Amino acid sequence: MTDFDDRLRFAIDLATEAGVLARSMRQGLGAVETKSSIDFCTAADLAVEALVRRRLDEVFGDPVIGEEAGGVPAELVWVVDPIDGTTNYIHGMANWCISLALVHRGAVEIGVIYAPDLDQLFVARRGQGATLNGRPLRTSGLRHGGGAVVEVGWSARRPLALSLDLITQMIAGDIEFRRCGSGAMGLANVAAGISDGYVELHINAWDALAGLLLVREAGGWTNDFLAGDGLRLGNVIVACTAELTERLLALGPLRSVA
């Protein structure tokens, strides 16, 4: 029997340790590797992922799939983004985080997201709810009474025209859009009820899995991200307060999402 409780406690401590390391390296990062026009890698990304891999191997011997060093799917595997929102991190903005998710037999069992500059620790355990700094989370339920606000991520792996079409249809449907530069934090904010949804036409597993579990455990709806080999190849993502599901799935670029 896999001891998820021990791994959850360890992941919380590890995310916090990783956040301390990332903050300590923020000055004097040196050369920044450009992976695409919106995707970068710093020495801190590499050092944080190395720390996470080393700690997990020392304590549990668990395999890891990470953004920087890769990895392969396994029956039990950690999926790690050492710094999600690297552009924000480089520019001194607060909206970046460490994201850790544990996948076991095709189900996300643990999700931990730690945003050091915001002092926010998001934690989810499948079937046991989601918390922010120890307080239970619930999606918005559109209880605010205002217009829906949905964050839209953008990926160069899909044609820009599709993303522009999505935004155009959202505006026509009276849905406000935002882009804050971290998919993991965007999902965490849906779980916290700060925004009503997060959509992106393609996102990688390390950016998404911890946040998806947070949204589900906070009572929200998400598509089946791991379908179609999403763990290796990434996928489209829709995550929202349940009351917004039909409106989002009616938008042209999202109609194929089950």
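A salt bridge is a side-chain nitrogen of Lys or Arg within 4 Å of a carboxyl oxygen of Asp or Glu. The legends below describe close-up views of a predicted model.

**View 1. Arginine 7 and aspartate 62 form a salt bridge.** The closest N and O atoms of the two side chains are 2.8 Å apart. Arginine 7 belongs to helix α1 (residues 4-24) and aspartate 62 to the loop between α2 (43-59) and β3 (64-66), so the bridge ties together parts that are 55 residues apart in sequence. Arginine 7 has a relative accessibility of 11% and counts as buried. Aspartate 62 is buried as well, with a relative accessible area of 9%.

**View 2. Arginine 23 is paired with aspartate 117 in a salt bridge.** Here the closest N and O atoms are 3.1 Å apart. Arginine 23 lies in helix α1, and aspartate 117 in the loop between β6 (107-115) and β7 (120-125), so the contact ties together parts that are 94 residues apart in sequence. Arginine 23 is partly exposed at 47% relative accessibility. Aspartate 117, at 25%, also counts as partly exposed.

**View 3. A salt bridge joins the side chains of arginine 126 and glutamate 109.** The N to O distance is 2.8 Å. Arginine 126 sits in the loop between β7 and β8 (130-132), whereas glutamate 109 is in strand β6; the two are 17 residues apart and link distant parts of the chain. Arginine 126 counts as partly exposed, with a relative accessibility of 44%. Glutamate 109 has a value of 5%, which is under the 20% limit, so glutamate 109 counts as buried.

**View 4. Glu17, Arg55 and Glu58 form one network.** The three residues are joined by salt bridges that share partners. In the whole structure, a search finds twelve salt bridges.

**View 5. The largest nonpolar core has 36 residues.** Ile113, Leu209 and Leu214 are the residues with the most contacts inside this core. Helix α6 (residues 205-217) gives the most to the core, contributing nine residues. Another core lies apart from it and has 28 residues, including Leu14, Val64, Trp78 and Val80.

**View 6. Leucine 214 and its contacts.** When neighbours within four places in sequence are left aside, leucine 214 is in contact with Ile113, Phe122, Val123 and Ala124, among others.

Methods. Residues numbered from 1 in each chain as written. Predicted model: local features only at pLDDT ≥ 70, side-chain atom pairs only at ≥ 80, totals over all residues. Heavy atoms only, no water. Core = buried A, V, L, I, M, F, W, Y, C linked by side-chain atoms within 4.5 Å. Buried < 20%, exposed > 50% of the residue type's maximum accessible area, 1.4 Å probe, protein only. Helix = DSSP H or I, 4+ residues; strand = E, 2+ residues; numbered from the N terminus. Contact = heavy atoms within 4.5 Å.
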